[in-house]
Amino acid sequence: MGEQAAAATAGIDSRLEGHRVELTGYCYRMLGSAFEAEDAVQDTMVRAWRNFDSFEGRSSLRSWLYRIATNVCLDMLKAGNKRARPVDLTGPTPLAQAALNPLPENTWLEPVPDGRVLPSVADPAEAAVARESVRLAFVAALQHLPPKQRAVLILREVLAWKASEVAQLLDTTVASVNSALQRARATLADTDRSAPESANPLDEEQRKLLDRYVAAFEGYDMAALTALLHEDAVMTMPPFDLWLQGHADITGFMLSIGAGCAGSRLVATEANGSPAFAHYKPNPDGPGFVPWAVQVIDVSGGAITGMHCFLDTPRWFPLFGLPDHLDAG
């Protein structure tokens, strides 16, 4: 009997865990925080485990888990906090006025490793939709929606649920779901969510562009970097509210306030369906390099259009599985 119970428990665990990545992606789009998304999914799994005997297969396990996860996220969003990017809060700061003013952690939209939110799918079109829907710009735009509209739009347009399925999940009518979707689309149409164009896998032109970016950044060659940046490129640095626009201000900042990053190293990673790098700067206390930022890079029209540098490395580097030191070699 003990072995049978253990086997049953293991079977339930396996069935629930099989949905963890896609549920984390859903909760991340809802909440804009990698850590809150993982907390929400863990809460979902605990609730599902406790209530598994009453599930009874009246819907698919996947639908049931999404119902629980949606309720968890809606509860978490009752506090009314909306996460944002620096570009959503203020205008660009001229270099002459640049100052590093940190805002609380819960202000900011957070990066997330692709592997935690993008399940493996065979259909390239489905994979492309999933990647586009975790881009920083798209997740930031979702934060402008009321929570239930956010859920409706993600379920209908990202996950391709039928209106009747969403209505059942939210205990509402198909007409209500269609109305919410229409309002959500109208709101998103009024927000700036211009999507970067980086492909997956990166095409040869994009790979070469990023190779040149790494060489320019590591060499701290501002002329080479300027040649790669779009004239309206932006640079953000959460938790600071400062953001810069245009290659002159970006490179000017890097040569002044950011001059300590000269001699840095970049290690490729993946975040938010985009190219990304772990940025290590020279260790001021000895040999080697120490964590400085996770950079999420936007590429469009053959140029770098965004450098989004997330500086809270004690949180980000463990989440991305990145080492906390690079040797000098």
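Two strands pair if DSSP finds at least two bridges between them. I count helices (H or I, at least four residues) and strands (E, at least two) as DSSP runs, numbered from the N terminus.

The model I looked at is predicted: local features need pLDDT of at least 70, side-chain atom pairs count only at pLDDT 80 or more, and totals for chains, interfaces and linings use all residues. Residues are numbered from 1 along each chain as its sequence is written, and side-chain values use heavy atoms, with hydrogens and water left out.

**Entry 1: the sheet**

I looked up the strand order first. An open sheet is formed by 6 strands in the order E2-E1-E6-E5-E4-E3, with mixed pairing. Strand E2 (243–245) and strand E3 (265–271) are at the edges with a single partner strand each, so one side of each has no neighbour in the sheet. From one strand to the next the twist averages 20°. (Axes are lines fitted to C-alpha atoms, for helices over the stretch in contact, and angles run from 0 to 180 degrees between N-to-C directions.)

**Entry 2: two hairpins**

Strand E4 (residues 274–282) and strand E5 (residues 289–300) run antiparallel and are joined by 7 bridges. I found Ala278 opposite Val294 in E5. The two strands form a hairpin with 6 residues between them, and Gly288 in the turn has a positive phi of about 85°.

E5 also runs antiparallel to strand E6 (residues 303–310), again through 7 bridges. Val299 stands opposite Ile304 in E6, and Asp298 has Gly306 of E6 as its bridge partner. What phi does Gly301 take in the hairpin of E5 and E6? Gly301 has a positive phi near 60°, and this hairpin has 2 residues between the strands.

**Entry 3: helices on the sheet**

Helix H13 (residues 204–218) lies across E3, E4, E5 and E6, at about 145° to E5. Helix H15 (residues 247–255) lies across strand E1 (229–236), E2 and E6, at about 50° to E1.

**Entry 4: H2 and H3**

I then checked a helix pair. The axes of helix H2 (residues 20–31) and helix H3 (residues 34–50) come within 8 Å and cross at roughly 130°. That makes H2 oblique to H3 (under 35 degrees counts as roughly parallel, over 145 as roughly antiparallel, 65 to 115 as roughly perpendicular, the rest as oblique). In the contact (heavy atoms within 4.5 Å), H2 supplies residues including Leu23, Cys27 and Leu31, and H3 supplies residues including Ala37, Val41 and Met45.
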